Amino acid sequence: MKITGKLLSEKKWAFILIFFILLFNPVFCFWADNINLKDRLMAWLTCLIVGLALSCIDLFVKKRGEKIYLAILFILSIVPNLIVWSYLFMSHLWMKRDMFWVIFGTNVSESTEYFDQFISWQMILVGVLYILAGIFFIIKARSVHSISVKKYWILFALSVSLVLLSIILQYLVQAIPTFDFYKSRITFWNENLKFEQEKELRKNLSMDIECVLPDSTGHVFVVVIGESTSTYHMSLYGYFRDTNPLLSARKNELDVYTDVVTPDTHTIGVLKKVLSFADHDHPEYYAQKPSVVEMFNAAGFETYWISNQEFISKWGGSYGAIAESAKHVYDLSVLKKYDEVVLPSLDKVLHENAPGNKIIFIHLMGSHHSYNCRYPDNFDYFKYAKMEDLTKSFLNDEMKKTIDEYDNSVRYDDFVVSSIIDQVKNLDTSSFVLYFSDHGEEVYDSRDARGHFMSNAYPYQCKVPFILWRSDAYKTEMPELAIDTARPFSLVDVIYSLSTLACLEYRENDQSRSIFSPEYKVPAKRLVGDEDYEDILRK
């Protein structure tokens, strides 16, 4: 059969469905703050060309075969199209591959919280309408004719080639959420498979490392990793609300660093760098070199990991493998309790009789969304009506309530961190507590936005608390530390800084990257994801 007007008319509902799937998100790309006009035009052009290619392929199928072809296209499109549209609706950002990876690496508990906090009735309505429209178009498609592949093989080959090309080339595939989603999923699976293989190889990683502390035993070091805590909402850093009454009261005991940024805006990306030698230039060092926990294992420390967050490695390759390499692991996330749940376990660990030195890593839920799930009722302290800062005209009652909840979570975090310091202080031994958050959080600080985004990040998401407490015995023992709280620093170099605090010596150690070293050099550039922090500040 020839390609005639009659055949094209017969195929019209199939064509409508194909372009409905492909153009569903580009129609709304004017919402996106993270893509320029060139990228928007390229997205439209790519979708139109791929739509023509898929429509040409449809010319070769008919009757039941066509319905199966269209149903497959539509079913595959539902999840990625609605995820990208919802993210675009919420954040005014076009979702890219790195954000898909965060979704793939998110556990059920976190996904449920995210759904409860961010999914609105508009998203549900659009989802229902999208599915109903797709079903309608598939039902209406009733072509009884098709063309021969043998006769039009050049058209068929060209159409298939165009589709494959749009999948292979990353610049093109990101314009089509359905293709980008599944390509990212396959890449994620491959990375996890590679990770599992590397996990076995990690067991054979070794490092010639020595701890040269003046006194060889009895030290207790604690590293507390917070979550989504912004310095812009901490009174310790100048926030007008009293969110840090306990830490502020002991400020003379603390070294409060004022210019520290995260290397990424999502936990997975941050901790894979913080807990290893990996950085932006050498991400492969995550697998090729020992982690911070493995370093302390090799140095003869008793290593502990106490976590109120689920271990990521249980549901996808990530920093959880480092956590699980500790000699003693306490996964408290299964209890579904507030962060103070770590305190009894810490007390037990602190008073355990163990030879040598101890290092204890504590991973908190901190101020992770949903904020109101992060603190007990007795910390429901702030009410927006009490606030003096009423100058943000875009704030509505729901936003004000969210700010209250976030600030309450920060105040509760203050209680937990201060309690950890108290427990360690009461040991009366040579010890330190280092606290930092993985990344910050934007909570309607200067625009209608909340959360932490991998694109179009603002300083609120990047600047993090970095606080050191040292016991008197430790200060006496380690007088040569360079304490300058104004030093610009990135969490990407925490591993070198911990090496200085614990007096670890090894060949790879670079003291110019340790914020506590007299040899420290301010980095020429501090990257947050792919952006220079100085560029982010200019926003």
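In which helix is the place of L164? Look in α8 and you'll find L164 there. Keep in mind that this is a predicted model, so everything here is computed from predicted coordinates. L164 counts as partly exposed because its relative accessibility is 46%, which falls between the 20% limit for buried and the 50% limit for exposed.

Together with L45, I49, L158, L162, L165, I168 and L169, L164 forms a nonpolar patch on the surface. Where do its residues come from? The largest share is from α8, with five residues.

Now for the cysteines. As a reminder, a disulfide is a covalent bond between the sulfur atoms of two cysteines. How many disulfides does a search of the whole structure find? The count is zero. Take C47 as an example: the nearest cysteine sulfur belongs to C29 and sits 9.0 Å away, and C47 is in no disulfide. C47 counts as buried because its relative accessible area is 0%, under the 20% cut-off. C56, on the other hand, has 21% relative accessibility, so C56 counts as partly exposed.

Seven strands make up an open sheet with mixed pairing, in the order β3-β11-β8-β2-β7-β5-β6. At the edges are β3 (254-257) and β6 (328-331); each has a single partner strand, so one side of each has no neighbour in the sheet. Going from one strand to the next, the twist averages 10°.

Zoom in on β11 (residues 466-470), which runs antiparallel to β8 (residues 431-437) and is joined to it by five bridges. Among the paired residues, L434 has L468 of β11 as its bridge partner, and V433 has W469. What about β3? Four bridges join β3 to β11, and these strands also run antiparallel. L468 turns up again here, as the bridge partner of D255.

How well covered is β11, then? Mostly: five of its five residues are buried. In a regular strand, side chains alternate between the two faces of the sheet. You can follow that along β11, where F466, L468 and R470 point one way while I467 and W469 point the other, and all are buried.

Notes: Residues are numbered from 1 along each chain as its sequence is written. This is a predicted model: local features need pLDDT of at least 70, side-chain atom pairs count only at pLDDT 80 or more; totals for chains, interfaces and linings use all residues. Side-chain values use heavy atoms; hydrogens and water are left out. Patches are made of residues with over 30% relative accessible area and no salt bridge: like charges are joined within 9 Å, nonpolar side chains (Val, Leu, Ile, Met, Phe, Trp, Tyr) within 5 Å. Accessible areas come from the Shrake-Rupley method with a 1.4 Å probe; for residues, only the protein chains shown count as cover. A salt bridge is a side-chain nitrogen of Lys or Arg within 4 Å of a carboxyl oxygen of Asp or Glu. Helices (H or I, at least four residues) and strands (E, at least two) are DSSP runs, numbered from the N terminus. Buried means under 20% relative accessible area, exposed over 50%, partly exposed in between (1.4 Å probe, protein chains only). A disulfide is a pair of cysteine sulfur atoms within 2.5 Å. Two strands pair if DSSP finds at least two bridges between them. Axes are lines fitted to C-alpha atoms, for helices over the stretch in contact, and angles run from 0 to 180 degrees between N-to-C directions.
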